[in-house]
Amino acid sequence: MYAAAPSGSEALKSITKVKTMDFHKLLRCLLLAICASVALAACGGGGSSGGGGNNNVTVPNVVGSTQAAATTAITGAGLTVGTTTQASSSTVAAGNVISQSPAAGASVASGSAVNLTISTGPAQVQVPNVVGATQAAATTTITGAGLTVGSVAMQASNTVAAGSVISQSPTAGTMVANGSAVNLTVSSGPGTVAVPDVVGHTQADATTAITAAGLIVGTVTQASSASVAKGSVISSAPAAGTQVAPGSSVDLTVSSGPTPQYAYASNNALDASSNGVISGYNVGADGGLTALAAPTLVPGVTGFGAIKVDPSKKYVYVVNSGTDTTVGRGVYGFAIGADGSLTATPNSPYQTDHLPVSLAFDSGGTHLYVSNQQDHSISAFTINPATGELTELSDSPYALVHGHLPAELAVHGNFLYVAVTNPSAVEVFSINASTGALTEGVTGSPFGTDQNPFALAINPQGTVLYTVALPGGGSTRYISAFTIAADGTLTGNVNNPVIDVARNYIAFDPSGKFLLVTESAGIDVYQYDQGTGDAGSPVSGSPFAAGTNPVSFAVDASSHVYVGNDGSANVSQYTLNGTTGALGPITGSPVAAGTNPDYVAVQ
C-alpha cells in the first residue's frame, strides 16, 4: 500500500542535502558569468566587426566639414546628430564644424548622439558712423570698433570741410565681420570751377556768365581801349580757364572806349583881357580836332611860345617868352584832366633865364630842358612824375661857351642837341642819365650848319639829324643833314636839298620815311632816304596848302599832322599817307584857335 513516512531526523537530513547541492550549482553559474564578462572585455568590447552581441562604434572626425557633410558622416557611422550650436569663428568658414562632442575617435554605443558647434563666420560688429569726422578721428573710431580703414578717396566738396569724411562704405549701422575694412571718401575742400571767357563781352553779359559759373564779379575797373568797344570787357583776373573755388571773385577791366587824346595850341598873342591863351582840342578817331568847352587862360604873361606834352602824356609845358621877371618869364606847367582841361602844376610858373624859346625832354622823361635865347643858356629841371612840378637843377642854367642865341632843342640817347644861330652850328651837351646834369661839348662840337639854324629834327631811328634855317634877307636857305654817331658826334652830309622858302620848323613822321618842313603857305614833304640819310625830293603834291604863315606843326603816332597857322589864327589838320607821303586834309580842317597860334602839341 503505502510506504511508511520517514522519521523526523531523516527528513531534516534529506532537506539539508538538497540545499547544499542547490548552493553549489548557483555558485558555478555565477562564476561562469564572471568569466564570460572578463573574456568579453579582453576582446575589445564587442565592436560592430567584433562578432555578434558587440554594439559600440567609433565617433568620426567631422571638424572643418560642412554641416551637411558632418551629418552624413555621423549617421553613416551609426550615430545621430545631437545638439547643434552656432558660434562665430575667424578661422572656420561659416557653415562648417568648429568642434564636436564626443571627440573624433571616441567609442560610443551605436546610435549615440554627436553634438556639433557650427561656425557662423567671423564675429559681426556694427560699423560706426564717421561721416563728418576728420580722417584722423574716423580712423580712431573704426579701429576702436575692431575694423580697419580700407581705401581712402579724396573728393572735392563745397559743404564738407577739407580733411573730413564725406561718406563711408559700408554705411553706419551695417553689421560686418570683425576686422572688415571700411572705405572712406574724404573732402579735399571746395571744388574748383573754370573762370569763363568774358573778354570782349559786354559787362552785363560777363556778369551773367560769371554768376552762372558759381562765381561773383569782383572789382570793376574802367580803362580806355582803342580795340575794345566801350562797355565791353578788356580783361579778367583771374584769366579765362583758371580753376578757382566756387564763390571766388573775378575782377573785370571794362573799356571806357578809345583813350581820350587831346591837342593844344599855344597862342603868341594875348586875348582882349590880356590873358595868355592855350587852345585845347579833343582828337577824334579820324584825327579831327574838336575845340574843348573853353581855352585855358593865364594872366600875367606876354604870350606863349613852344609847347610840349611830356612823355607820360600827363602834363603840358609851355614857355612864356618874356624878357622880364615881371611878366612871368619861364615855363608854365599844367596837368591834363580826364576831359582835357588844364590845371596848373604846383608852384607853376618855373623861372628860367631870359627869352625861353624851346623845350625838350630827356629820353627817360624825367628832366626838362629849356633854351634861353637872350641869356645864351640852357635851364634844366627835374619833373615830379606824381605832380608835374618842376625843380631846377642846382647847376642850372648852363651857359653856352661855344655860341650864342640857342634856338630849338632835340634829344637822342644821353645827348642834347642845340641849334645855335651864332655861329651857325649845332652844339652838343652830354646828359648825366642819373641827375640830368649837362656837360657842354663832345669831340668836334659845335658842328657847323647853314646860316642861322633854328629848328632840329632827329629821325625815329636816331641815326640822322636835320636843321632848318630861319627865313630872312635874300640868301638861299638850306636844310643841313648830319649822321649821328654813338658818342654823340655829328658828321655832315653834303647832299643837302636847297629850300629857298623854308621857315622855322622841321620834323619826321613816326616811321622816319618822310621829312616835313614848314614854308610860307604850306608844308613841304620829302621822301627821306633811310639808306643815305638824304632828304631826297619832295613828294607828289608838295607843298600842301596850310593857313597863313604856318609856324610849326605836331605829328602824332597815327600820322596825323597839325599845323599852327600864326597869320590865320587856326590849326590845319592832315593825315599823312604812309606810302606816298601826301597830306590829306581831315574833315573840318582848319579849326579855329586864339590869336597867333604858333605851336601845337598833341598827346
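Is Ala-457 buried or exposed? With a relative accessibility of 5%, Ala-457 counts as buried, a class that takes in residues under 20% relative accessible area, whereas exposed means over 50% and partly exposed lies in between, all with a 1.4 Å probe and protein chains only. This is a predicted model, in which local features need a pLDDT of at least 70 and side-chain atom pairs count only at pLDDT 80 or more, while totals for chains, interfaces and linings use all residues. Residues are numbered from 1 along each chain as its sequence is written, and side-chain values use heavy atoms, with hydrogens and water left out.

Ala-457 lies in strand β34, where helices (H or I, at least four residues) and strands (E, at least two) are DSSP runs numbered from the N terminus. Leaving aside neighbours within four places in sequence, Ala-457 is in contact (heavy atoms within 4.5 Å) with Val-464, Leu-465, Tyr-466, Ile-506, Ala-507 and Phe-508. The C-alpha atom of Ala-457 is separated by 9.8 Å from that of Tyr-417, which is 40 residues away along the chain.

The protein chain as a whole holds 4 helices and 47 strands, and buried residues make up 41% of its 603 residues. Of the contacts in the chain with a separation of 6 or more, 54% are between residues 24 or more positions apart.

The protein chain averages a pLDDT of 87, and 86% of the residues score at least 70. Confidence is lowest in helix α1 (residues 8-42), with a mean of 46, and highest in strand β27 (residues 390-392), at 98. Over residues 1-21 the pLDDT stays under 50, and the model has 0 contacts beyond four places in sequence for this stretch. Residues 33-53 are also below 50, and this stretch has 10 contacts in the model beyond near neighbours in sequence. Where pLDDT is low, the predicted coordinates should not be read in detail.

The largest pocket has a volume of about 1,400 Å³. A pocket here is an open set of points on a 1 Å grid over the protein atoms alone, where a 1.4 Å probe fits and protein lies on both sides within 12 Å along at least five of seven lines, and lining residues have an atom within 4 Å of a point; points are joined across faces, edges and corners, and the volume is the space filled by probe spheres set on them. Of the 45 residues that line the largest pocket, the closest to its centre are Lys-308, Val-309, Ile-458, Tyr-505 and Val-555. The elements that give two or more residues to this lining include β20 (304-309), β34 (453-458), β38 (502-508) and β42 (550-555), but β29 gives the most, with 5 residues. By class, the lining has 28 nonpolar, 10 polar and 7 charged residues, where Ala, Val, Leu, Ile, Met, Phe, Trp, Tyr, Cys and Pro count as nonpolar, Asp, Glu, Lys and Arg as charged, and the others, Gly among them, as polar.

The structure holds 7 aromatic pairs, that is, rings of Phe, Tyr and Trp (its six-membered ring) with centres within 6.5 Å, classed as stacked if the planes are under 30 degrees apart, edge-to-face if over 60 and tilted for the rest. The rings of Tyr-505 and Phe-553 have centres 5.1 Å apart and planes at 80°, so this pair is edge-to-face. Because Tyr-505 lies in strand β38 and Phe-553 in strand β42, the pair ties together parts that are 48 residues apart in sequence. Tyr-505 is buried at 14% relative accessibility, as is Phe-553 at 2%. Phe-508 and Tyr-528 form another edge-to-face pair, at 5.3 Å centre to centre and 80° between the planes, and both Phe-508 and Tyr-528 are buried.

Some details of the backbone remain. Most residues other than glycine have a negative phi, and most peptide bonds are trans. A cis peptide bond, however, joins Ala-237 and Pro-238, with omega about 5°, and the bond from Asn-422 to Pro-423 is cis as well, with omega near -5°. Ser-274 has a positive phi near 65° and is partly exposed at 43% relative accessibility, whereas Ser-559, with a positive phi of about 65°, is buried at 16%.

Methods: pLDDT = per-residue confidence, 0-100.
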